[in-house]
Amino acid sequence: MFEKLKKFLEDDEECFVIGGIDETRIDEIERSLEIVFPQIYESFLNKFGLLIGYGIDILGCGKGAEASVVRETKRYRSLGLPDNFIVIQNVDEWVYCLDSTTGEVVSWDRDDKQFKLICNNFEEYLCSILLEAKKNWDA
C-alpha cells in the first residue's frame, strides 16, 4: 500500500510528511468525527499523518494536538457536508472529500452543495494530485 507515494516522496525534496500517528490517536479522531475511516485513510494517517508539498496540503494529523482533518471536516459539516465525508483537502471554494462508505474522492462545493467524482480511490488521488502539482510547480 502506498508504494507509488513512498517512491515519489523518496525522490522528492519539496514534499513533507508530518506525523505518522498510532492507532490510539486514529481511534480518538474517528470518535471525534463519529465516523469509521476507510482502511486506506487509516493507513495514510498511520504511515504519513499529513502531507504538504507543491502547494498541496493533504489533511490528517501531525504530531501536534489538533488534527486538521477534524477541524476542517467539522467546519464543512456545519455548512452542510454530509457526515459520511472526510475533508482531505481544502481549496477554499470547494473541498476534496473521502467518502467513508465508498472510498471515492469527490469534490464538494459549499455554495451549491453538489458533489463531483474526482477519483475512485484515495491512493490514486494522492499520486495524481501530487504529480500534477509538481508538474505545475516546475513549469
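The stops below proceed from the overall fold to selected elements.

This is a predicted model, in which local features need pLDDT of at least 70 and side-chain atom pairs count only at pLDDT 80 or more, whereas totals for chains, interfaces and linings use all residues. Residues are numbered from 1 along each chain as its sequence is written, and side-chain values use heavy atoms, with hydrogens and water left out.

The C-alpha trace spans about 40 × 35 × 25 Å along its principal axes. Of the 139 residues, 47% are buried, that is, under 20% relative accessible area with a 1.4 Å probe, protein chains only.

Next, select the open sheet of 4 strands, whose order is β4-β5-β6-β7 with antiparallel pairing; strands pair if DSSP finds at least two bridges between them. Its edge strands, β4 (85–90) and β7 (115–119), each pair on one side only.

Within this sheet, select β5 (residues 94–99) and β6 (residues 105–109), antiparallel strands joined by 5 bridges. Here Tyr96 stands opposite Ser107 in β6.

Finally, select helix α4 (residues 68–77). Which strands does helix α4 lie across? Helix α4 lies across β4, β5 and β6, and runs at about 110° to β4. Contact means heavy atoms within 4.5 Å, and the angle, on a scale from 0 to 180 degrees, is taken between N-to-C directions of axes fitted to C-alpha atoms, for helices over the stretch in contact.

Conventions:
Helices (H or I, at least four residues) and strands (E, at least two) are DSSP runs, numbered from the N terminus. Buried means under 20% relative accessible area, exposed over 50%, partly exposed in between (1.4 Å probe, protein chains only).
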